[in-house]
Amino acid sequence: MFITLEGGEGAGKTTQIVHLAGWLAERGITCTRTREPGGTLLGRAIRAVLLDPENAGMAPATELLLYMADRSEHIRQVITPALAAGRTVLCDRFFDATVVYQGFARGLASDWILRLHELVFAGMTPDLTLLLDLPAEVGLARARRQLEKGDRPTAESRFEDEALAFHQRVREGYLQLARQAPERFRVIDAARDESRVKEDIRSVVEVRLRRL
Ligand code: TMP
């Protein structure tokens, strides 16, 4: 099973993916926990370029192609082999992030991004996508606090530096995708306590596991 976690800045995806991997492991389900950008060695170099605030002026098309390059390596080196070996893949962001950030938020045409994805990565669609949703200002404040506390490197702050309006478009974009594909998406209210969010995620995944 291929599960992705999506959401805006400060939604708590990284914490929740660790909880979910631990819970699945207790049930004897072996997981590969990974993320985009940066799920491979080459991907980590691409991540550094993409998130570096020094690269604030990057053209939207350059940004899109770098995320696609990261994904190309990630699918080939990590996702496809793990799924082929019967493992569950838990991925912190995937293709929906591209549609939302480079499409809805940056303004590149979504149909163009979808076509590119189909051309390069035909059929790579998650079985389940957990959207950790919360108001953009709440998430952004959390993410900026993490940067101040040093929990996240300032060398990775290019998106946190974007205006609130950008992050509001990200939130709206994700909610729109969730409405368009209700069978794949589950929207989780991520403004609540970590433990409540964790419980919700478990119930959603439990229901999905029963269906397998
Ligand atoms: P994260 O590791 O904190 O989720 O940071 C990755 C950043 O990259 C985040 O701001 C969202 C952004 N992003 C895109 O703009 N497009 C993409 O396709 C992906 C995977 C991430």
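**Exercises on helix packing and core residues**

Apart from neighbours within four places in sequence, Met124 contacts Phe2, Ile75, Ile79, Phe94 and His117, contact meaning heavy atoms within 4.5 Å. The model is predicted, so that local features need pLDDT of at least 70 and side-chain atom pairs pLDDT 80 or more, while totals for chains, interfaces and linings use all residues. Residues are numbered from 1 along each chain as its sequence is written, and side-chain values use heavy atoms, without hydrogens and water.

**Exercise 1.** Determine how the axes of α4 and α7 are oriented to each other.

*Solution.* Step 1: the axes of α4 (residues 95-105) and α7 (residues 164-180) come within 9 Å and cross at roughly 130°. Step 2: angles under 35 degrees count as roughly parallel, over 145 as roughly antiparallel, 65 to 115 as roughly perpendicular and the rest as oblique. Step 3: α4 and α7 are therefore oblique.

**Exercise 2.** State which residues have the most contacts inside the largest nonpolar core.

*Solution.* Step 1: such a core is a set of buried Ala, Val, Leu, Ile, Met, Phe, Trp, Tyr and Cys residues joined through side-chain atoms within 4.5 Å; buried means under 20% relative accessible area, with a 1.4 Å probe and protein chains only. Step 2: the largest core has 34 residues, and Phe2, Phe94, Tyr101, Met124, Val170 and Tyr174 have the most contacts inside it.

**Exercise 3.** Classify Arg93 as buried or exposed.

*Solution.* Step 1: Arg93 is found in the loop between β3 and α4. Step 2: its relative accessibility is 12%, and Arg93 therefore counts as buried.

How values were computed:
Axes are lines fitted to C-alpha atoms, for helices over the stretch in contact, and angles run from 0 to 180 degrees between N-to-C directions. Helices (H or I, at least four residues) and strands (E, at least two) are DSSP runs, numbered from the N terminus. Buried means under 20% relative accessible area, exposed over 50%, partly exposed in between (1.4 Å probe, protein chains only).
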